[in-house]
Amino acid sequence: MRAVERAIRLVVSEHPSLGVKAICDEEGIEVRHDEMGGAYFGLYTNLYGKAVINVRPDLNVQENLEVISHELYHHFSLRLSENPLPHNLIMEKRCASPFLRFYMRKEEHEADLFAAFFLCPDVSDCETYHDIMRKYNRSKQVAKLRMVAEQMIIYGGGENGLSEKKG
Ligand SMILES: [Zn+2]
């Protein structure tokens with residue numbers, strides 16, 4: 001969770017408007033909608049320092065936003081990396097669909113968590129994931145993940161992992 005938290009803090013401090021489109025512009029990320037084969041929903045590449053997010057062209061507005069948010073995590077994760085590659089080396093990061101059930105890499109889970117927090121910042125007034133879906137107009141997958149993450153924050157602290165939320 002710490003890596004996700006660092007990325008969220010970076011985004012909030014540098015991009016207070018928090019609009020996905022504006023963040024991509026400010027970061028110099030080109031967003032494309034080219035056809036991709038297979039199960040790919042989104043792809044983040046960074047070649048010679050030129051960042052590109054490609055999103056499948058057949059997604060609806062909500063899915064498009066969720067995929068870009070997921071891909072943004074790879075961008076900020078790269079920026080926060082302690083050993084960034086020099087720009088004369090080709091850097092490419094690939095990822096499969098967000099919110100698939102079986103991921104190979106930890107960073108893909110982190111990207112989903114990032115998107116869930118980024119797109120549903122405050123769920124303290126939500127009792128069920130349906131409330132989150134309605135409040136932020138999000139997909140079921142994003143809303144469910146955000147609800148589970150909220151419970152982890154509330155119950156995850158303390159030595160026994162079940163301490164009460166403070167305040
Ligand atoms: Zn990914």
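1. Helix α4 has 14 residues and reaches 20 Å from its first C-alpha to its last, close to the 20 Å expected at 1.5 Å a residue; the expected span is 1.5 Å times one less than the number of residues. Helices (H or I, at least four residues) and strands (E, at least two) are DSSP runs numbered from the N terminus. The model is a predicted one: local features need pLDDT of at least 70 and side-chain atom pairs count only at pLDDT 80 or more, while totals for chains, interfaces and linings use all residues. Residue numbers start from 1 along each chain as its sequence is written.

2. Of the 14 residues of α4, 11 are buried, so this helix is largely enclosed by the rest of the structure. A residue is termed buried if 20 or more other C-beta atoms lie within 10 Å of its own, exposed if 12 or fewer, and partly exposed in between, with C-beta atoms placed from the backbone. The buried residues are E108, E110, A111, D112, L113, F114, A115, A116, F117, F118 and L119. The elements that cover them include α1, α3, α5 and α6.

3. The largest nonpolar core holds 32 residues, and F114, A115 and A116 touch the most other members. Such a core is a set of buried Ala, Val, Leu, Ile, Met, Phe, Trp, Tyr and Cys residues joined through C-beta atoms within 7 Å. At least two residues of this core come from each of α1 (2-14), α2 (20-27), β2 (42-47), β3 (50-55), α3 (61-80), α4 (106-119), α5 (129-136) and α6 (140-155). With eight residues, α4 gives the most to this core. Leaving aside neighbours within four places in sequence, A116 is in contact with V142, L145, R146 and A149; contact requires C-beta atoms, placed from the backbone, to lie within 7 Å.

4. As a whole, the protein comprises six helices and four strands, in the order α-α-β-β-β-α-β-α-α-α from the N terminus. Buried residues make up 32% of its 167 residues. Of the contacts with a separation of 6 or more, 59% are between residues 24 or more positions apart.

5. Helix α3 is mostly covered, with 14 of its 20 residues buried. At 1.5 Å a residue, α3 should span 28 Å, which agrees with the 29 Å between its end C-alpha atoms. H74 has its place in this helix and is buried, with 25 other C-beta atoms within 10 Å. H74 lies 34 residues from E108 in sequence, and the two are 8.5 Å apart in space, C-alpha to C-alpha.

6. Helices α2 and α3 pack at an angle of about 35°, with their axes 11 Å apart. Here axes are lines fitted to C-alpha atoms, for helices over the stretch in contact, and angles run from 0 to 180 degrees between N-to-C directions. In this pairing, V20, I23 and E27 of α2 meet L65, I68, S69, L72 and H75 of α3.

7. In α5, the buried residues are Y129, I132 and M133. Seen down the axis of α5, they fall within an arc of 100°, so they line one face of the helix; the arc is that of the directions from the helix axis to the C-beta atoms. An α-helix has 3.6 residues a turn, so residues three or four places apart point the same way. The buried residues of α5 pack against α6. Just after α5, N137 takes a positive phi of about 55°.

Conventions:
Contact = placed C-beta atoms within 7 Å.
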